Every structure is written in structure tokens, then in C-alpha cells.
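Please look over the sequence and the 3D structure below before reading on. The text after it goes through the model step by step.

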Amino acid sequence: MRETRDGVRVDMFSSSASADSDLLVLDIDDFKGEFSFDGLFGNLVNEILPSYQEEESDAAEGHDALPNGNLRTPPDAGKSAQGMSSPLFPEVDDLLSLFKNSCKQLVDLRKQIDGKLNNLKKEVAVQDTTHRKTLSELEKGVDGLFDSFARLDLRISSVGQTAAKIGDHLQSADAQREVASQTIELIKYLMEFNSSPGDLMELSPLFSDDSRVAEAASIAQKLRSFAEDDIGRQSMTISSAVGNATASRGLEVAVANLQEYCNELENRLLARFDAASQKRELSTMRECAKILSQFNRGTSAMQHYVGLCPMFDVEVMNADAELVLGDQGAQPSPSNVARGLSSIFKEITETVRKEAATIAAVFPSPNDVMSILVQRVLEDRVPKLLEKLLLKPSLVSAPPMEEGGLILYLRLLAVAYEKTQELARDLRGVGCGDLDVEGLTESLFLPHKDIYIEYEQASLRQLYKAKMEELRTEGQQSSESSGTIGRSKGASMASSHQQISVTVVTEFVRWNEEAVSRCTLFSSQPAAVAANVRAVFTCLLDQVSIYITEGLERARDSLTEAASLRERFVLGTSVSRRVAAAAASAAEAAAAAGESSFRSFMVAVQRCGSSVAIVQQYFANSISRLLLPVDGAHAASCEEMATAMSSAEGAAYKGLQQCIETVMAEVERILSTEQKATDYRSPDDGIAPDHRPTQACSKVVAYLSRVLESAFTALEGLNKQAFLAELGNRLHKGLLNHWQKFTFNASGGLRLKRDITEYGEFVRSFNAPSVDEKFEQLGIMANVFIVAPESLSTLFEGTPSIRKDAQRFIQLREDYKSAKLAARLSSLWPSSS
């Protein structure tokens, strides 16, 4: 806020504050910059209120200043002011006048500012309209520029296409000119070759210059191709024109001359290639190979290079045979053959690997050369070695086992096949182009694999036959070394030497495992593998079946011979004491032979079971998985296995029946010789009855315990259960028949009951409930000898099923007739009379 005096602007607030003082003037500039209302207000009232300035100066001396710039007045300052002046606020009128004037000026300033704002708005609107018009004109100009640029681009593109067409035409014309020039040149050369047959002396220097051999070879091949194509077209066209005929004859002369020249050039290049090969000049070899690739695609050069490789020399192939086969006339060993083949094939692989490096550096098409090289290896060197190694024997007159037999051929075949397959894989790793190495390798063994399974079966039969002859020879030698000990004992020993051996059956299985491994080696198709494996396994079934059946039959023969010995010494009742003693001694020897044959047969049965278990385990572990891929093969083999073992089962069943007969015959012999009439009819002499088993019973039980020990060990499962049940039934029946020969009194009945208890306790080890029940019933029936006659009627009230056997026992009572028990029983049990 300023005031103008004498043309000079000064602060209005420096003038005195009187009613007549000049009016204050507020300027817009006062509100520019950092505006403070407190500062404005202070400037307005400073001249009117001097105390205000004093208060400001006091604030500088320690009074607090307010945030707006004013000073905070002490509370007692107002009181002192009121006491000193009167009236209370005399400057109020000046202040009101000042404030009104200021407010009026502020309103005027606002109007000025509003007017300026409106003017500015109008100016801005005018400028904006002008700007928009300018932008619109600029946009139109830019659009015009874009259109001009588009037309220019189209023009440039059109000019470029025209230039490209012109360039194509020029290039085509240049190519045509070049072709025409080359054609003229070729026609000139063709005319030279067409001069006269066999005349190559008048050719251009190009065809005799060694430095331009590549160019000459290329031109010669083009001329030859053109002439041969023309002759081919002429031969297909029927024409009588003399010119055509003449042209045809002329081209034939050119073709002949060109062929002769190409052959000469090719031979010249091959000679240069050979010379460079001997000196290992790879650059010269590469140059010659590149030129020769124009002749039949370089086949002659490739074959020529492969043919000159030292690895195909006759001396090298003979050395292969010597290394593998060893000394001439000596029998080759599969292990030695395997080592020899590994060594030779490793050498071949290393040689091919070295040649591969040379081939890659020399030939334009190294894969084709490698294919020829590997093919030569598999069609020349390897077959000649295999031809000497694998001599196919005759099935009609097979080589004897002393010379290795058929198994030697099969083992050598397997070794050769496996090692050759490894060689094929190694050669494939080195590189052989597109050659079917695996198929070529398989073709080497096709003559051997076609009838392989027949050789495998014949070999198994030959091995089996040789083993049986070996066992028979060992048995004869053992019999001869043991000497003549006695007929029965010697027969028993001879039989023991020919006993079934689990080791022999294990050897059969080992042969079969080896044959199966060859089947899987030679066959890759599951169906073929299954067929071959099944045929081989059938051989094993036949071998095991025949072997164990014959072993069981031999063991049965000893049982039969023991039975014939027993029958030979059965005597009548009226013989002398000397004869009876001799017969008794011979009977004991026959009994010993029977017991020995029993044990031998039980051992045979046990080994038979072990052998069958080995075959079954082998089938489950090795054969089954190979047959499963073919429908029905597994089930058919199971049926074949059951059929093959049925003959052994039949022999075992018959032998076990004979064993029961042997045991019962000895039991009957012991009872007949050891059982006394007084055992069951002791005299009534007042001596206390003997409660021990009879001597015959003790000997029978001791014999059964001794002889059946082998049966408990040899038999298992249902076989053991059926055998012991049958033996228990036969023992029960034999004892009943034996006791029918004696008469019993009361004390004898007690002795009989003790024997029955002894027998019952022994047969309880059979674990046969039906046998235990029969011996329990025997114990009940023995009571008929102990009770009084009047108590017999009530003795079997609870067990009517044994009345018939009990009645037979009652008839053996000592008092049967004196007590008239027949009539009494007839009245009591009329149905059994």
C-alpha cells in the first residue's frame, strides 16, 4: 500500500494518522509474492496505533511473538493502559475510517482484476481459435505429404521391380550365353571324339594336360551323358531320314571313344591315387578321389581303396584261423575261441577306426566308403574265419563225446554268434553309413540257425546217453571191486551203486539251462523263443522221467529179489531140526535183504521227490516266463510235465506197495517165530501175571521203528499219510489173523491187551485217525478174554459195530466150549449167529 506525493511513491504508513491525512492507496503489487494478512494488517494500523510499534519493539526485548508476526501482550499491560488514558480506545474512529477505505479499495481492486481476467479469457479464446485453425491447416499439409510419400514409394517400388526384371533378363541372357558358349565348346569336343573310332591322338590339349584332369573329366562325363541320351532317344524314334541315321552312327563312335578315354583317365587317376596312398599324401589322394567321384559316383575308387587294405590279405586271414583254432588237429576250447575272437575282432575294430579317419580326410562321401569297408569285413574276413571254425556235424553220425560231441559245436556257435554281434555293434559305433550291419551279421549264421533246435535236442540226447553209460560203468566197476559177498548182499550193493542221484538230475538241469540260454541268444522273436525253449524243456522232462523211473524200477527189483528169497525158504511142518535151522538162518538173511531193499527204495523215493522239485523250481524260475508270451504254451508244458512224471509216480506207487508187503512179511515172520502159545495162556500157578508186552510184540515194534525211520524221512505230505495209513490197516489185519491161532485165558487176555496197547502207541505216530480207531477197538475187543461169561452180553452195548469181530475173539476163549458160550451168544445176538 503506497501513496503518491510530488510524483514520488512512498510508504503511506510513514505519514501521521490524522483525520485530514491523505487516503491510503492499495496496490495490486501488495498482494504479489509471499502475502501475509498479519503483515498487511500491521502496516495499516502502525501509524494510527503507535503503541503497536512499541509492542513490536518490546517483543524484540524478550516478549513472545505470535506466529503471524504480532507480539503477545502481557496480561497486566492492558490494565495499566486503561488506568493511564481516557477514553478507553480513542483511535477507533480513525481505524474505522481506515478499514472502510481499505475495504472500498479492495473491492475496486477485485473489480479491476475481474475485468483483466475477462479480457484475458477473451484473448485466450481468440488465440485458441487461431491455434486450432493453424493445426487444421497443418494436418491437411501433413496428409498431403503422406500422400506424396506413398506415391513416391509406389514409384520407387515400380522402378525396383522393373530393375529386378531387367536384372533377371540380363542374368538369364548371361546364363544362356554361358550355356551357348559351353555348348559350342562341348560340340567342338564332341566332334573331336567323333572323328574316328579308337583315335584319341587328335584331341585338344585339355584331355592330355595332367594339370587340368578335373576339367577334362567333367567335360568327358557331360559329353558321354549327352551322346548316350541322344542315342537312346534315336533308338526310340522310328525314322527313315538318312541324316538321323548318320547322326546316330556318329554319336555311337563318339560314345565309344569317350568310354575309352574315360577308362584311360580313370585308370590314370587310380594309379596316381595308389602312388599317393603308399606315400600317405592325403591331399593328392583327396584330389584324385574328388575327380574319380565323377565316374560312377566314385564307386571304383572306393572299392579300389578298400580292396588294397592290408586287413584283407590272405596271410592275415590265415593268422586269424591259427589264433582262434590253435594247433592244427587239436580240439578247440570254447574259452580259447572266445579269447581269440575277442582279440581278432578288437583288432578289426581298431583298424576300421583308423581307416575311418583316413577316409573322412580323403573321400567326398566318407559314409559310402565306410559302408563298403564294413561290408567287406562282414562278407569276406569274418565269414572265412567262421567257415573254418563252425564245421556243422552230421546228425546221423554225430561226433563222439571224446571228440567234443554236438555240444562242442553248439558252444562254439554260441561264442561265435555272441562275439560277432559285439563286433557288429562296435563297427556301428565307428560308422558304416547306411549299411544294415545287424541284418548282414544275422545272414552269416542263417545256415546254422535254420536247424539249430534239432542239433540242440540231439546234443541233449547224446549227453544223456553218455552220462548213463558213465553211471553203468561206475556201477560195474564198484560191483567188481566189492567182490562176491553173497547173492542177496551183492544184489543190494549193486542196486545201491545205481541209486538215483540228485546230482545227476542237477546236471540234467544245467545242460538244459545252457541250451535255453542259447535259445534266447539265437532267437529275438518271443514266439520263436517259446517254441525252442519248450522243445528243449521237453527233452529235460524225458530225461528226468526215464532216469528216475529206471532208478525206482531198479530199487523195486531189489524188493522183488528179497521177496523171492523169502518165498524160497518157506518150509513145511515136517522137517528135520537141521533143515529148520538152516532155513531159519536163510530167512534171517532174506529179512536183512528185505530191510536193506526197503531202505534203498525209500532213499530212491526221497531222491525222486527232490529231483521232481528241482525240475519244478527250474520251470517256475527260468522256463515259465519265456512261455507266457505265447498263448497256451505254459499250460501245455505243465501238462507235459505232469505226463512225464506219471510213469515215475506209477513206479513209486508199485514200489511202496512192495515195501508194505516186505514189512508185513517180516512182521509175520517175527510173530510166527517169536510168539509162543503160553504168551496168552499162562498156567494158573499162582504167580502174578506178567504185565509186560510179549517178546514177539516188542520185536515187531522194534523192527517197525527201525525200518520205518527211513520212510518217515523219505515221504512227505499226502504220500506219507497214504503209505502209513495203508501200512497201519495191513498191520491191524495181520495181527487179527495172527491172534486167531491162539487160545486165551484171563491172564492171557491181560497180556494181549498190553500188546494191543503197545501196538496202538506205536501206530499213533502214523497220524492216521482211522488206524488209531481200529487199534482202540482192538483194545475193547480184548476185554472178551478178561470178563466173566455172564458179562459178555453187556460188553459191546455201546459199540455194536465190532460185535462180529468180537464174536470171533470170544471163540478163542479157553472156556468157550466148557461155558457153552456159543449157545449163549446165539441167544443174545441172534443176528450174528
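Predicted model: local features only at pLDDT ≥ 70, side-chain atom pairs only at ≥ 80, totals over all residues.

Residues are numbered from 1 along each chain as its sequence is written, and side-chain values use heavy atoms, with hydrogens and water left out.

Confidence comes first. The pLDDT is the predictor's confidence in each residue, on a scale from 0 to 100. For the protein its mean is 79, and 75% of the residues reach 70 or more. Among the elements, the lowest mean pLDDT, 38, belongs to strand β2 (residues 8-11), and the highest, 94, to helix α16 (residues 502-522). Helices (H or I, at least four residues) and strands (E, at least two) are DSSP runs, numbered from the N terminus. Over residues 62-85 the pLDDT is below 50, and this stretch has 19 contacts in the model beyond near neighbours in sequence. A contact means heavy atoms within 4.5 Å. The pLDDT is also below 50 over residues 238-248, a stretch with 3 such contacts beyond near neighbours in sequence.

Next come the charged side chains. Side chains of opposite charge can pair when their charged atoms come close. A salt bridge is counted when a side-chain nitrogen of Lys or Arg lies within 4 Å of a carboxyl oxygen of Asp or Glu. The structure holds 24 salt bridges. One of them joins Arg-534 and Glu-640, at 2.9 Å from N to O. This pair links distant parts of the chain, 106 residues apart: Arg-534 is in helix α17 (residues 526-568) and Glu-640 in helix α19 (residues 633-674). Arg-534 counts as partly exposed because its relative accessibility is 29%; buried means under 20% relative accessible area, exposed over 50%, and partly exposed in between (1.4 Å probe, protein chains only). Glu-640, at 25%, is partly exposed as well.

Glu-595 pairs with Arg-599, their closest N and O atoms being 2.6 Å apart. Both lie in helix α18 (residues 577-627), 4 residues apart, about one turn of the helix. Glu-595 has a relative accessible area of 11%, so this residue is buried, whereas Arg-599, at 31%, is partly exposed. Salt bridges can also form a network, as they do among Arg-411, Glu-456, Glu-514 and Arg-518.

Now turn to the surface. Which residues form a nonpolar patch there? They are Phe-31, Phe-35, Phe-37, Phe-41, Phe-99 and Leu-106, with about 530 Å² of accessible area together. Patches are made of residues with over 30% relative accessible area and no salt bridge, like charges being joined within 9 Å and nonpolar side chains (Val, Leu, Ile, Met, Phe, Trp, Tyr) within 5 Å. Accessible areas come from the Shrake-Rupley method with a 1.4 Å probe, and for residues only the protein chains shown count as cover. Helices α1 (37-45) and α4 (92-193) each supply at least two residues of the nonpolar patch. Phe-35 lies in the loop between β2 and α1, and its relative accessible area of 42% makes this residue partly exposed.

The last stop is Gln-675, in the loop between α19 and α20 (695-714). Gln-675 counts as buried because its relative accessibility is 7%. Its side chain makes a polar contact of 3.3 Å with the side chain of Tyr-680, and another of 3.2 Å joins the side chains of Gln-675 and His-738. A polar contact is a pair of N or O atoms within 3.5 Å; within protein, one must be able to donate a hydrogen and the other to accept it, and residues adjacent in sequence count only if both atoms are side-chain atoms. Not counting residues up to four places away in sequence, Gln-675 touches several residues, including Ile-670, Thr-694, Phe-742 and Asp-755.
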